[in-house]
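Dear colleague,

I am passing on the structure we spoke about, with the sequence alongside. Please open both before reading on, as my notes follow below.

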Amino acid sequence: MKKYILIATTNDRWEMLIECLTSIEKYLKDWRVVVVSQGYSEQQISVLNTMLTFTQSVNINMPENAGMHNAKMVGLEYINNANKYDDIRGRRIHRDCIKKYIVMSSDDDMVFTSRTKLKKSLEFVDKDNVGFVSLGWVRHKNQLHTYKLVDEFVKQKIVYTGGGMLFQDDIAQLLLAEPKGNYISDNALWSIISYSNGYDNYRYRGSCTIHNICRTGGRKAWVKDADIKIKGREELLEYKESKLQKNNKYDYLIPDSACVKEIADRKHIKNKK
């Protein structure tokens, strides 16, 4: 089964992306990597293309920032199309003929380490009733060896990219069917889509990756500057207003499992796999 690491990145995160790709080459070199770069220069693209020759990987460049969900859907469409069977005349055929694959959604500010353990999660995420598996993480390299690895999968309605967010091709079809938009949180949106369709999401405590969140640029800058923000599946998920509103611009907290509405629970039970 093919394995892909999916990364969306913006040009103000160049150094972080290089560090991320370097760690993939060291620890996860058997994975294919799909990078969706947004607003990168020709020189940066050239460097990226050189780096991505270490495996069957690709960079897809977008001229402007498109947002977290939209950019990753461009990459996921590429992955999905690469795994469609051809009929004997070489034409693409229907959904049932898509080869199985696994994707790990990652951020450009992540650094994979010797404590990034994926074997058990790869086996677990391929089960019929499993949606997303989110892996453990720490904010700084100094915390890496204080993180206690526990071989445990914890069921959780809303999960996050964390140290990597695994899903398989059935979940990919649900994500690709969702309209593109300026969503506040791709993590929360993806989780509620999976959960309301009867899948169980989990976080795995037996792996640890460094995730340098809250640095400059990326999602933080995009959410701040976006004129129109879409909450995403509001009928299923509550979005609470942030107390840090400025200049009359509304912002919202990223939803957690407590924000899942009763109707989503009913849908989950009805569609249980």
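Phe132 and Trp190 are both buried. Elsewhere in the ring search, Phe124, Phe153, Tyr202 and Tyr204 are linked by ring pairs into a cluster.

Next, the strands around E8. Strand E8 (residues 165–168) is covered on both faces, with Met165 and Phe167 buried on one side and Leu166 and Gln168 buried on the other. Strand E4 (residues 101–107) runs antiparallel to E8 and is joined to it by four bridges, while E6 pairs with E8, also in the antiparallel sense, over two bridges. Met165 in E8 stands opposite Ser105, and Met165 also stands opposite Ser134.

What are the residues with the most contacts inside the largest nonpolar core? They are Leu21, Ile24, Met104 and Leu166, in a core of 29 residues. The elements that give two or more residues to this core include strand E1 (2–10), helix H2 (42–51), helix H4 (119–125) and strand E9 (200–211), as well as E4 and E6. Helix H1 (14–27) is also on that list, and H1 gives the most to the core, with four residues. Leaving aside residues up to four places away in sequence, Met104 touches, among others, Tyr4, Leu28, Trp31, Phe112, Leu135, Met165 and Leu166. Apart from this core lies another, of 27 residues, among them Ile60, Ala66, Ala71 and Ile79. As background, nonpolar side chains tend to be buried together in soluble globular proteins.

Finally, a word on confidence. The mean pLDDT of the chain is 88, and 86% of its residues reach 70 or more. Over residues 87–93, however, the pLDDT is below 50, although this stretch has nine contacts in the model beyond near neighbours in sequence. Where pLDDT is low, the predicted coordinates should not be read in detail.

With best wishes

Technical notes:
Residues numbered from 1 in each chain as written. Predicted model: local features only at pLDDT ≥ 70, side-chain atom pairs only at ≥ 80, totals over all residues. Heavy atoms only, no water. Buried < 20%, exposed > 50% of the residue type's maximum accessible area, 1.4 Å probe, protein only. Phe/Tyr/Trp six-rings, centres within 6.5 Å; stacked < 30°, edge-to-face > 60°. Pairing = 2+ DSSP bridges. pLDDT = per-residue confidence, 0-100. Contact = heavy atoms within 4.5 Å. Core = buried A, V, L, I, M, F, W, Y, C linked by side-chain atoms within 4.5 Å.
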